[in-house]
Number of protein chains: 2
Amino acid sequence: MPSTAPVADFDHAQRDALRLNLQKELLGQIPMAAAMQLAIAQWDGEQVELHAPLAPNVNDKGCAFGGSLVSVMTLACWSLIKLAADQRGFACEIYVQDSTVRYLAPVWNDFRAIAHLADGQSLDDFLDILALRGKARTATRCSIALADGTAACTLEARFVALRAKSPLQPANAAQS
Amino acid sequence: MPSTAPVADFDHAQRDALRLNLQKELLGQIPMAAAMQLAIAQWDGEQVELHAPLAPNVNDKGCAFGGSLVSVMTLACWSLIKLAADQRGFACEIYVQDSTVRYLAPVWNDFRAIAHLADGQSLDDFLDILALRGKARTATRCSIALADGTAACTLEARFVALRAKSPLQPANAAQS
């Protein structure tokens, strides 16, 4: 009988702990994240998914407020990078530099934003460059889909990260 | 002694009534606008200025949350078009189609977003086309500046308006 859980289970548990820790930080430190009632629902290391209910994010027409859509998509991309840095015990500040949003169809329900890196980008390369130079850039994409899978809105955003002066403990610091 | 106020005063009073009416609608119908504590502070017919305090719009770093900045800038542009339509008694639905945001410097204080049409655009042309065809598009620009006048972030956004089926009363309907 093995005395430790399989590596895959450990990775999954570690990722869940980091994800829930970041969600707690966002809700605790960003009043608008709390007002939007967002949740970091899933993260597999390559892709992150944020959820938000319609009610607090509604506009005058009864569908989702564009400001909430872009905020949730931007935070999804930011979270993707932050979680990758957290997983490697890398303390850094991450800033959005620019973004382009396309609003394609109104969103009439609770919604979820799925973010990943843009084509050709690598989280490992990004973090290696950050470690080497203290500064690195990357590009992300995010979308919110309707129930039938049609894209309701998309975001492309570029980020820069700067190494923090006081590093975290490695790997699972967020669990402490 | 004149029995009526000068035309300029009447225009100013009418604009103030429309501006305050729209602010009331935004705060009443969009929970995130209320959470951001935004105000439509000024509108002269060509340019609109929205204000928001830092405290409800802060991020984890203590400066303004990017989602709040883009939300306020998008609403400023939307309000510019909505107020022009309201002034002419034109009932329409206005939707943002796409936007590009550049985050240039962090915002550490209460902030104000100033929106106007993009170069070469005309509100009169836009509303004439809307009246003629039931649909019209226009492009806007908005920026939030630091205390020394440097741009902290900018937004370029395109909008489409669709004529509503039940028109408002002309001119000063919002005052009724």
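**Entry 1: symmetry**

I began with the two copies: rotating chain B by 180° with 0.0 Å of shift along the axis places it on chain A at an RMSD of 0.0 Å. I then asked which residue of chain B comes closest to the rotation axis. That is B:Thr100, with its C-alpha at 2.1 Å.

A note on bookkeeping: residues are numbered from 1 along each chain as its sequence is written, and chains are lettered from A and ligands numbered from 1 in the order in which they are written. This is a predicted model, so I keep in mind that local features need pLDDT of at least 70, that side-chain atom pairs count only at pLDDT 80 or more, and that totals for chains, interfaces and linings use all residues.

**Entry 2: the contact between the chains**

I looked up the interface next, and found 31 residues from chain A and 31 residues from chain B in the contact. Two residues are in contact here if their C-beta atoms, placed from the backbone, lie within 7 Å. On the side of chain B that touches chain A, the elements giving two or more residues are helices H1 (7-29), H2 (31-36) and H3 (66-87) and strand E3 (92-103) of chain B. Helices (H or I, at least four residues) and strands (E, at least two) are DSSP runs, numbered from the N terminus. E3(B) gives the most to that side, with 10 residues.

By class, the side of chain B that touches chain A has 14 nonpolar, 11 polar and six charged residues. Ala, Val, Leu, Ile, Met, Phe, Trp, Tyr, Cys and Pro count as nonpolar, Asp, Glu, Lys and Arg as charged, and the others, Gly among them, as polar. Of the interface residues of chain B, 100% are also interface residues in chain A, so the copies meet through the same surface.

I also checked strand pairing across the contact, where two strands pair if DSSP finds at least two bridges between them. Strand E3 (residues 92-103) of chain A and E3(B) are antiparallel partners over five bridges. One bridge sets A:Asp98 against B:Arg102 in E3(B).

**Entry 3: sheet strands in chain A**

E1(A) runs antiparallel to strand E2 (residues 47-52) of chain A, and four bridges join them. A:Trp43 stands opposite A:Val48 in E2(A). The two strands form a hairpin with three residues between them, and A:Gly45 in the turn has a positive phi of about 100°. E2(A) also pairs with strand E4 (residues 111-117) of chain A, antiparallel over six bridges. There, A:Ala52 has A:Phe111 in E4(A) as its bridge partner.

**Entry 4: a backbone angle to revisit**

Most residues other than glycine have a negative phi. A:Gln37 is not a glycine, yet its phi is positive at about 55°. A:Gln37 sits in the loop between helix H2 (31-35) and strand E1 (39-43) of chain A.

Definitions and conventions:
Copies are superposed by least squares on the C-alpha atoms of residues with pLDDT of at least 70 in both.
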